[in-house]
Amino acid sequence: MNTRLPETLEAALDELEGMLPVWLEKLRVRAAFDPQFDALAQRILVKARTDDERRCVQRRLDAMLARQGIVRRP
């Protein structure tokens with residue numbers, strides 16, 4: 001499955017990923033990250049129109065966290 005996301009979703013994901021390194025560097029309390037990230041991720045996920053788009057967005061979100069060394073339970 002190779003879903004091409006609309007530009008708006010791609011841009012939102014790119015923006016979120018771009019801010020992660022600085023955000024994590026300045027983060028004082030690690031426990032605060034998950035709910036903040038989830039809120040921003042949810043704003044992107046609700047814009048996905050199909051199940052394929054939602055799965056693709058979720059994969060991108062998971063991958064960006066993994067690149068930062070963040071592993072979370074599903």
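Start with helix α2, residues 33-45, and helix α3, residues 51-67, in this predicted model. Their axes come within 11 Å and cross at roughly 150 degrees. That makes α2 roughly antiparallel to α3, since an angle over 145 degrees counts as such. The crossing of α2 past α3 is right-handed.

Next, show the side chains at this contact. On α2, select Phe-33, Phe-37, Ala-41, Ile-44 and Leu-45. On α3, select Arg-54, Val-57, Gln-58, Leu-61, Met-64 and Leu-65, which the α2 residues meet. Colour the contact by residue class: 9 residues are nonpolar, 1 is polar and 1 is charged.

Now turn to the aromatic rings. How many aromatic pairs does the whole structure hold? A search finds 2.

Select Trp-23 and Phe-33 for one of them. Their ring centres lie 4.7 Å apart, with 50 degrees between the planes, and the pair is tilted. This pair links distant parts of the chain. Trp-23 sits in helix α1, residues 7-26, while Phe-33 sits in helix α2, 10 residues apart.

Are these two residues buried or exposed? Trp-23 is buried, with a relative accessible area of 15%. Phe-33 is buried too, at 0%.

Phe-37 is buried, as is Phe-33.

Finally, display Trp-23, Phe-33 and Phe-37 together. Ring pairs link these three residues into a cluster.

Technical notes:
Residues numbered from 1 in each chain as written. Predicted model: local features only at pLDDT ≥ 70, side-chain atom pairs only at ≥ 80, totals over all residues. Heavy atoms only, no water. Axes fitted to C-alpha atoms, helices over the stretch in contact; angles between N-to-C directions. Helix = DSSP H or I, 4+ residues; strand = E, 2+ residues; numbered from the N terminus. Parallel < 35°, antiparallel > 145°, perpendicular 65-115°, else oblique. Left-handed = near helix turned anticlockwise from the far one by under 90°. Contact = heavy atoms within 4.5 Å. Nonpolar A, V, L, I, M, F, W, Y, C, P; charged D, E, K, R; others polar. Phe/Tyr/Trp six-rings, centres within 6.5 Å; stacked < 30°, edge-to-face > 60°. Buried < 20%, exposed > 50% of the residue type's maximum accessible area, 1.4 Å probe, protein only.
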